[in-house]
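Trainee: Could we go through this model together? I would like to begin with the strands.

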Amino acid sequence: MSALAVLERTLADSADRESWLDVHGKVIGSSTAGKFAKASSVETYVRQILAPRTFSGNESTESGNDWEPALLGAVHARPNSLFIHHPDNPRFGATIDGTKQVGDGFAIVETKTKHNKVVEGPTPYELRQLAWQWFVVPEAVHAEWVWGELVRDPASPVGWRLRRPPQVIIFHRDDPRIVAATSLIVPIAHAVLAALDAATRAKVPF
């Protein structure tokens with residue numbers, strides 16, 4: 001059984017895409033929370049949630065899906081398809097890429113592919129995204145951010161190859177970057193939920 005399944009906070013399984021999308025549209029997930037960069041922009045975030053742009057993926061997202069199992073395998077992590085909610089708020093959720101056994105506990109693992117780029121760590125958006133996932137699953141003992149730098153290779157079955165072995169950064173709970181990101185996005189998330197409720201119940205325009 002998945003390390004996240006035993007938490008008994010599953011909202012949906014991405015293996016059932018239709019059901020997952022239905023639930024995901026009612027919950028603040030990590031892709032949305034990652035955009036929470038300014039406390040003064042709550043109304044903007046609410047508008048984006050109420051009128052989301054359709055995005056069905058592109059070559060980069062497809063390539064990321066192709067490489068995710070390899071990146072998880074590089075750090076001995078198991079894939080996860082469960083959409084999990086926060087212990088105290090079922091409207092805060094995340095679908096974490098994978099989990100990894102660490103002693104008697106587990107770590108959460110987020111993977112990223114970087115196409116034709118050399119990077120040294122997560123972008124501010126990606127850091128907020130990771131911080132949100134850890135906020136939603138506070139039981140994790142640490143978080144691992146794993147990335148692969150891809151370059152074009154016609155000889156590869158998927159058209160890309162790794163420029164160098166997968167890289168990993170291990171974040172601990174007291175990391176100033178995680179602390180700062182969490183302190184920023186969580187209050188914004190609560191404010192966004194309150195504004196969404198106001199827009200729904202009182203028909204407040206945005």
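**Strands, rings and contacts**

Mentor: Strands E3 and E4 pair in the antiparallel sense, over three bridges. Two strands count as paired if DSSP finds at least two bridges between them. Helices (H or I, at least four residues) and strands (E, at least two) are DSSP runs, numbered from the N terminus.

Trainee: Before we go on, what kind of model is this?

Mentor: It is a predicted model, with residues numbered from 1 along each chain as its sequence is written. Local features need pLDDT of at least 70 and side-chain atom pairs pLDDT 80 or more, while totals for chains, interfaces and linings use all residues; side-chain values use heavy atoms, with hydrogens and water left out.

Trainee: OK. In which order do the strands of the open sheet come?

Mentor: The order is E1-E3-E4, three strands with antiparallel pairing. On average, neighbouring strands are turned by 20 degrees against each other, direction ignored. Axes are lines fitted to C-alpha atoms, for helices over the stretch in contact, and angles run from 0 to 180 degrees between N-to-C directions.

Trainee: How many bridges join E1 and E3?

Mentor: Three, again in the antiparallel sense. Thr 10 has Ile 84 in E3 as its bridge partner. On the E4 side, His 85 is bridged to Gly 93, and Phe 83 stands opposite Thr 95.

Trainee: Which way do the side chains of E3 point?

Mentor: Leu 82 and Ile 84 point one way, Phe 83 and His 85 the other way, and all are buried. Buried means under 20% relative accessible area, exposed means over 50%, and partly exposed is in between (1.4 Å probe, protein chains only). In a regular strand, side chains alternate between the two faces of the sheet.

Trainee: Take His 85. What does it touch?

Mentor: Not counting residues up to four places away in sequence, His 85 touches Arg 9, Leu 11, Pro 90, Phe 92, Gly 93 and Val 136. Contact here means heavy atoms within 4.5 Å. The relative accessible area of His 85 is 15%, so the residue counts as buried.

Trainee: Which helices lie across the strands?

Mentor: Helix H1 (residues 17–24) lies across E1, E3 and E4, at about 140 degrees to E1. H5 lies across E3 and E4, at about 110 degrees to E4.

Trainee: New topic. How many aromatic pairs are there?

Mentor: The structure holds six. One of them is Phe 36 with Tyr 45, a tilted pair at 4.9 Å centre to centre and 45 degrees between the planes. Rings of Phe, Tyr and Trp (its six-membered ring) pair if their centres lie within 6.5 Å; planes under 30 degrees apart are stacked, over 60 edge-to-face, and the rest tilted.

Trainee: Are Phe 36 and Tyr 45 buried or exposed?

Mentor: Both Phe 36 and Tyr 45 are buried. Another pair is Phe 92 with Phe 135: the centres are 6.0 Å apart and the planes are at 55 degrees, so this pair is tilted too.

Trainee: Where do Phe 92 and Phe 135 sit in the chain?

Mentor: Phe 92 is in the loop between strand E3 (82–85) and strand E4 (93–95), and Phe 135 is in helix H5 (residues 124–136). They are 43 residues apart, and their pair links distant parts of the chain. Both Phe 92 and Phe 135 are buried. Together with Trp 132 they form one aromatic cluster.

Trainee: What about Thr 99, buried or exposed?

Mentor: Thr 99 is buried, with a relative accessible area of 8%. Its place is in strand E5 (residues 98–102). Leaving aside neighbours within four places in sequence, its contacts include Ala 3, Phe 106 and Val 109.

Trainee: And which strand holds Gly 105?

Mentor: Gly 105 is in strand E6 (residues 105–115). The C-alpha atoms of Gly 105 and Ala 3 are separated by 8.6 Å, although the two are 102 residues apart along the chain.

Trainee: Last one: how many helices and strands does the whole protein have?

Mentor: Six helices and nine strands. Buried residues make up 47% of the 206 residues.
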